[in-house]
Amino acid sequence: LDENTTAATIIGIIQTGLILIGEEEGVLSPVEIELVRKPLVRVLKKYNIGDNVMPAEIDLALAMLGLIVARLKKPKTATAVAKFKAWVVNQWARMQGRRLASQVRAHVPSQ
C-alpha cells in the first residue's frame, strides 16, 4: 500500500465537505476511498507534490476540523453548541446594553 499523507488529508477534506451535505454522504466506504486514493496519488506524483508538502500542523488541523464538523451534526453536540452560542450572544448583548446605558446616563443632565 502506497501511503501518502497528503492524499489521505485531501480525502479527509473531501469527506468533511460531504459530511456538510449530509452525514451519510460523508462516510466514504473503504472501496470508495481506494477508488479516489489511487488516481489522487498519481496526480500528486505527476505534479511532484510530495508526501511532505503539507506541514504536519496543517494536516492535524484539517483532521481535527473533519472530526469537529462530523460531531456538529450529532444532536447532543449541536444542542450544546447552540446553547453556548446563545450564551455568547446574550453576554455580548448585555455588554452592549450596559455601554449604551452608560452613554445615555452621561448625556442626561442630572437633577
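Leaving aside its neighbours within four places in sequence, which residues is Ile11 in contact with? I will come back to that after a few words on the model.

What we have here is a predicted model, in which local features need pLDDT of at least 70 and side-chain atom pairs count only at pLDDT 80 or more, while totals for chains, interfaces and linings use all residues. Residues are numbered from 1 along each chain as its sequence is written, and side-chain values use heavy atoms, with hydrogens and water left out.

Let me start with confidence. The pLDDT, which is the predictor's confidence in each residue on a scale from 0 to 100, averages 85 over the protein chain, and 95% of the residues score at least 70. Confidence is highest in helix α3, at a mean of 92, and lowest in helix α2, residues 23–26, at 68. When I say helix, I mean a DSSP run of H or I with at least four residues, numbered from the N terminus, just as a strand would be a run of E with at least two. Where pLDDT is low, the predicted coordinates should not be read in detail.

Now to the opening question. With contact taken as heavy atoms within 4.5 Å, Ile11 touches Leu28, Ile33, Val36, Arg37 and Leu40, once its neighbours within four places in sequence are set aside. Ile11 also belongs to the largest nonpolar core, together with Ala7, Leu28, Leu40, Val41 and Leu44. Helices α1 (5–21) and α3 (30–46) each supply at least two residues of this core, and α3 gives the most, with three. A nonpolar core here is a set of buried Ala, Val, Leu, Ile, Met, Phe, Trp, Tyr and Cys residues joined through side-chain atoms within 4.5 Å, where buried means under 20% relative accessible area, exposed means over 50%, and partly exposed lies in between, using a 1.4 Å probe and protein chains only.

Staying with α1, is Thr16 buried or exposed? Thr16 is found in that helix and counts as buried because its relative accessibility is 11%. Beyond its neighbours within four places in sequence, Thr16 is in contact with Gly66 and Val69.

Arg37 meets Glu34 at 2.9 Å, N to O, and the two are separated by about one helical turn because they stand three residues apart in helix α3. Lys38 forms a salt bridge with Glu34 as well, with the closest N and O atoms 4.0 Å apart. Salt bridges that share partners therefore join Glu34, Arg37 and Lys38 into one network. Within it, Arg37 counts as buried, at 11% relative accessibility, whereas Glu34 is partly exposed, at 27%.

Finally, two features elsewhere in the chain. In the loop between α3 and α4, Asn48 has a positive phi of about 55 degrees although it is not a glycine, and Asn48 counts as exposed, with 72% relative accessibility. Ile68, found in helix α4, counts as partly exposed at 46% relative accessibility.

Methods: A salt bridge is a side-chain nitrogen of Lys or Arg within 4 Å of a carboxyl oxygen of Asp or Glu.
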